Amino acid sequence: MNPTKLKEWETLQEHFKEIKELHLKDLFNQDKQRADLFSIESCGLFVDYSKNRVNERTMKLLFELAERLDLRNEIARMFNGEKINRTEDRPVLHVALRNCSDRQYLVDGIDVMEDVNRVITKMERFSDAIRDQSFRGFTNKPIKNLVNIGIGGSDLGPLMVYESLKHYSLKSLRLRFVSNVDATHFIEQTMDLDPEETLFIIASKTFTTQETMTNAQNAKVWLLKKLKDPNAVKKHFVALSTNYEKVTLFGIDPDNIFEFWDWVGGRYSLTSAIGLSLMIALGKEHFYRLRKGFQMMDDHFEKEPLPRNLPVILALLGLWYNNFFGCETHAILPYDQYMHRFPAYFQQGDMESNGKSVDRDGEALTYQSGPIIWGEPGTNGQHAFFQLIHQGTKLIPCDFIGFINSLHPDKDPHQKLMANFFAQQEALAFGKTNEQLKAENTREDIIPFKVFSGNRPSTCVLANKLTPETLGSLIALYEHKIFVQGILWNIYSFDQWGVELGKQLASRILPELKKTSPIAEDHDGSTKNLIDYFLKHQE
């Protein structure tokens, strides 16, 4: 149903008119227990959302909207394996991939956990063999370099987790990632590697993805340029795929195919076979800990009442800003350099999931759906875009993610980092007034330039330390937030038809660039001119 037509939405709209001008200073002055009231600790995370422009009534009305939209039942439908990805007629069961218990997950009445555990066990054996050097390359040298070739979720997920957990990785192994079809990416990532010591992990469910297969073919040429014998491919390539025929035609040993399934989408797949590079680099123990962190948040999301449910709370706050305040962007700001790819990962996770303009009945939306997600790690972001967040004309809700303890022994840099972490949230919320500046004897003519209005919302996510469990909980927190918002906006979050048209047109244009077919007359004038200009000036 259209949520904006509901009585609960209309009530929220009236409430918004009453509260929209209230300053966070007023909200904190009105309730001295506000910080405690709007904080929750669970799954290794402490979440303080008190610096958001809401009060108890706001949250009550938002929870009532969620109840009216049958959110609790929608959550159950996902966990029960129902085909909630209706446009592709598939279940959505990434939660099964990190299930470390004896729980069953059913698809068409069949428990998928037998297949999940079988592939995980196969990954463990292969990972151990690389790490203990019993698996060797074609010339009997141990594998020292891993190159993950994928794109989208098959690249961003493993890359983000590897960077986040690099502290736990085996330092004698180098892990590289190649995604872009631009040859520069492959060349730069492999130029210092020895083919005899390099294993390529090709991640493509269909084994037809243009970017991935172009890079896979480049890798094959690169390898055979030195090793000559096509049989070398069996010792230097593995596939994460379901297309056994195309994988074996490529030359990969059928024993080195790691499957995954239609009921998991690429951007939710990093704890499936897509995470093979992670298991090798981090070790199976740390990979298991990562899955446990996911499962903790999965259990919390499935069972916790809505008012204490972290993904639900974050989702409702996002809806409040997106659909009532009219905010179009949302910043994710991890204060940990290891997590520098976390915002990029959820750019894809959120924008590919909820960047939709039709509802579940195929009708055009009359309200905003997913926001633009962006961000960088602190403190770098402070010297880049925080100026706009603090004093610009746009309201940008922010999530600050930080850790109480560093993974490194020197406390001084971490204390400075976290001083900035807390200070930025305080500054955004409360700002600085004319009166404060005058009391500091600020020159009258520059006071307008130094005033901070404050009242800029932020949510704080704090954990003890960046561990595999913590990272798993964090990722699942945002995954489930995305799902909840899809329900609230009455859209399908688990398809991505928007990426298809460009792919189709690219396949049509490629022969024109190769001059194996003429430029099609039905291109628009601009595209025809651009292709013609490209061909005339290509060396």
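**A first look at this predicted model**

The side chains of Arg176 and Asp192 come together in a salt bridge at 3.0 Å, N to O; a salt bridge here is a side-chain nitrogen of Lys or Arg within 4 Å of a carboxyl oxygen of Asp or Glu. Arg176 belongs to strand 6 and Asp192 to the loop between helix 9 and strand 7, so this pair ties together parts 16 residues apart in sequence. This is a predicted model, in which local features need pLDDT of at least 70, side-chain atom pairs count only at pLDDT 80 or more, and totals for chains, interfaces and linings use all residues. Residues are numbered from 1 along each chain as its sequence is written, and side-chain values use heavy atoms, with hydrogens and water left out.

**The whole chain**

- The protein chain has 23 helices and 13 strands; helices (H or I, at least four residues) and strands (E, at least two) are DSSP runs, numbered from the N terminus.
- A compact globule of 539 residues would have a radius of gyration near 24 Å, and the 25 Å of the protein chain agrees with that; the radius is taken over C-alpha atoms, and the globule rule is 2.2 Å times the number of residues to the power 0.38.
- Along the principal axes, the C-alpha atoms fill a box of roughly 75 × 60 × 60 Å.
- Of the 539 residues, 54% are buried, where buried means under 20% relative accessible area, exposed over 50%, and partly exposed in between (1.4 Å probe, protein chains only).
- Among contacts between residues at least 6 apart in sequence, 74% join residues at least 24 apart; contact means heavy atoms within 4.5 Å.

**An open sheet and its helices**

- Five strands form an open sheet in the order 6-5-7-8-9, with parallel pairing; two strands pair if DSSP finds at least two bridges between them.
- Strand 6 (174-178) and strand 9 (257-258) are the edge strands, each pairing on one side only.
- Strand 5 (residues 145-149) runs parallel to strand 6 and is joined to it by 5 bridges, with Ile149 opposite Val178 in strand 6.
- Helix 9 (residues 183-190) packs on the sheet, touching strand 6 and strand 7 (198-203), and its direction makes about 170° with that of strand 6; axes are lines fitted to C-alpha atoms, for helices over the stretch in contact, and angles run from 0 to 180 degrees between N-to-C directions.

**Salt bridges**

- The structure holds 33 salt bridges.
- In the opening pair, Arg176 is buried at 17% relative accessible area, whereas Asp192 is partly exposed at 42%.
- Arg98 and Glu479 meet at 2.7 Å, N to O; Arg98 is in the loop between helix 6 (94-97) and strand 3 (106-107) and Glu479 in helix 21 (residues 468-488), so their bridge ties together parts 381 residues apart in sequence.
- Arg98 is buried at 1% relative accessibility, and Glu479 is buried at 3%.
- Arg118 and Asp115 meet at 3.0 Å, N to O, and both lie in helix 7 (residues 113-131), 3 residues apart, about one turn of the helix.
- Glu74, Arg77, Glu82 and Arg360 are linked in a network of salt bridges.

**A buried histidine**

- His15 sits in helix 1 (residues 7-19) and is buried, with a relative accessible area of 4%.
- Leaving aside neighbours within four places in sequence, His15 is in contact with Asn55, Arg57, Thr58, Leu61 and Trp320.
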